[in-house]
Amino acid sequence: MAKKLAYDRVLFGTVALAVGFGLVMVYSASAGLARADAEGGLELNPYVAKQVLAAVLGLAAMALAMHVDYRHLRRPAVVYALVAGAVALLVLVLYGPEINGTHRWFRLGPLSVQPSELAKLALVPFVAYQIEKKPERVNQPAVLAPVLVATGTIVGLVLLQPDFGTAVLLLVAVLLVLFLAGLAWRFLVTGAMVTLPLLALLVLSAEYRRRRLFAFLDPESDPLGASFQAHQSLIAVGSGGLLGLGPGGSVQKLNYLPHPHSDYVFAIAAEELGLLGAAAVLALFAVILWRGVRAGAGAPDLFGRYLAWGLTGVLVIQALIHVSVCLALAPSKGIPLPFISYGGSSLVVSMVACGILLNVSEHG
């Protein structure tokens, strides 16, 4: 058995810095929205209050994940219970109240829980568990069949909400783990030939997705409609220049750019802190990628390796999607930036994922 080492202070410090920076950005980016709420009688910024509460809960959950041996997650009773629980929550949320035209959240008083975020913590351990059971049979049905069933079920339920962005994120993360485990190219090519037409059909079958896709391909076709967010986001990024307009100095957050505190927080950061600030945000995720890959490479078992790499992939891929949307390099998807965007479920889940990474690194 590998000896237990000290936790990864570089990763812990990076996560703490990202969370602290996120609280500052939520405070700044939500200023216009909070002012509108203040006119209705609210004196405190409700977005910051909820995000601080989520950060406290996330810190407690991350500390717990750091001190509970990650190998408990590979027990069959635990790993299958996580998947079953995720599926049950994703089914129940479809019968919940409709919020902004979707069924993505459970309301718990003033707070909300997003089951699709919790699904990340169920699907990645399940895939790692299946690979470790039969590492030499990763290209055989013994491994692929249960992984495809679990992934297909969870991704399908997420699409029904609908949440196309999170569904794509989960699918890509699973494919990444399988590829790192040695999945043959023929399966990747076959999977792409089957999946891409299905995704294209899903995009074209929904009017709002078609508008987003066509606006992405031809941004000037509808600058005041479907491509409005992309235009306003680019204005925010371009206005920042090298050093930015200064903390709190964003203009685009004042009812120009929709959802500046969540879906487009990176654009606001670029506007207020400039190119250097945006590069610093990307550097945070580069460090998380480095330490996550390092934790997986030094894990004492295959489960820890693919668990660490899978969770790292989820965080980094999600960040890349968010940044790509803010830079108009991808259609609008409503994906939050881990640790930084407003959203309690995303923040807590991201911190738990890093807590598991820190635990894996301790057993290196």
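Q: What makes Arg-74, Glu-132 and Asp-301 a network of salt bridges in this predicted model?
A: Arg-74 takes part in two pairs. The side chains of Glu-132 and Arg-74 meet with N to O at 2.6 Å, and the closest N and O atoms of Arg-74 and Asp-301 are 3.6 Å apart. A salt bridge requires a side-chain nitrogen of Lys or Arg within 4 Å of a carboxyl oxygen of Asp or Glu. Both pairs therefore qualify, and the three residues are linked in a network.

Q: Why can the pair of Glu-132 and Arg-74 be said to tie together parts of the chain?
A: Glu-132 lies in helix H5, whereas Arg-74 lies in the loop between helix H3 (46-67) and helix H4 (76-93), so the pair joins parts that are 58 residues apart in sequence.

Q: What does the pair of Arg-74 and Asp-301 tie together?
A: Arg-74 belongs to the loop between H3 and H4, and Asp-301 to the loop between helix H11 (265-297) and H12, so this pair connects parts that are 227 residues apart in sequence.

Q: How do you know whether Asp-301 is buried or exposed?
A: The relative accessible area of Asp-301 is 15%. Buried means under 20%, so Asp-301 is classed as buried.

Q: Why are Glu-132 and Arg-74 described by another term, partly exposed?
A: Glu-132 has a relative accessible area of 21%, and Arg-74 has 27%. Partly exposed covers the range between the buried limit of 20% and the exposed limit of 50%, so both residues receive that term.

Q: Why is the contact of Lys-120 with Glu-117 called a salt bridge?
A: The closest N and O atoms of Lys-120 and Glu-117 are 2.8 Å apart. The limit is 4 Å, so the pair qualifies. Both residues lie in helix H5, 3 residues apart, about one turn of the helix.

Q: What makes the space lined by Lys-120 and Leu-121, among others, a cavity?
A: A cavity is a set of points where a 1.4 Å probe fits but cannot get out. The largest cavity holds about 40 Å³ of space, and the count comes to 1 cavity of 30 Å³ or more. Its lining includes Lys-120, Leu-121, Leu-311, Gln-318 and Ala-353. Helix H5 (115-133), helix H12 (302-326) and helix H13 (344-362) each supply at least two residues of this lining, and H12 gives the most, with 4 residues. By class, the lining has 6 nonpolar, 2 polar and 1 charged residues.

Q: How do you know which helix gives the largest share of the lining of the second largest pocket?
A: The second largest pocket has a volume of about 750 Å³. Of the 27 residues that line this pocket, the closest to its centre are Leu-148, Leu-171, Leu-175, Gly-191 and Thr-195. Helix H6 (141-160), helix H7 (164-180) and H8 each give two or more residues to the lining. The largest share, 10 residues, comes from H8. The lining divides into 22 nonpolar, 5 polar and no charged residues.

Q: What makes Val-189, Met-193, Val-194, Leu-198 and Leu-201 a nonpolar surface patch?
A: Patch residues have over 30% relative accessible area, and nonpolar side chains are joined within 5 Å. These five residues make a patch of about 510 Å². One of them, Val-194, is found in helix H8 (residues 185-205).

Notes. Residues numbered from 1 in each chain as written. Predicted model: local features only at pLDDT ≥ 70, side-chain atom pairs only at ≥ 80, totals over all residues. Heavy atoms only, no water. Patch = residues over 30% accessible without salt bridge, like charges linked within 9 Å, V, L, I, M, F, W, Y side chains within 5 Å. Areas by Shrake-Rupley, 256 points an atom, 1.4 Å probe, with all protein chains shown as cover. 1 Å grid on protein atoms, 1.4 Å probe; cavity = no way out; pocket = protein on both sides within 12 Å on 5 of 7 lines; lining within 4 Å. Points joined across faces, edges and corners; volume = space filled by probe spheres on them. Nonpolar A, V, L, I, M, F, W, Y, C, P; charged D, E, K, R; others polar. Buried < 20%, exposed > 50% of the residue type's maximum accessible area, 1.4 Å probe, protein only.
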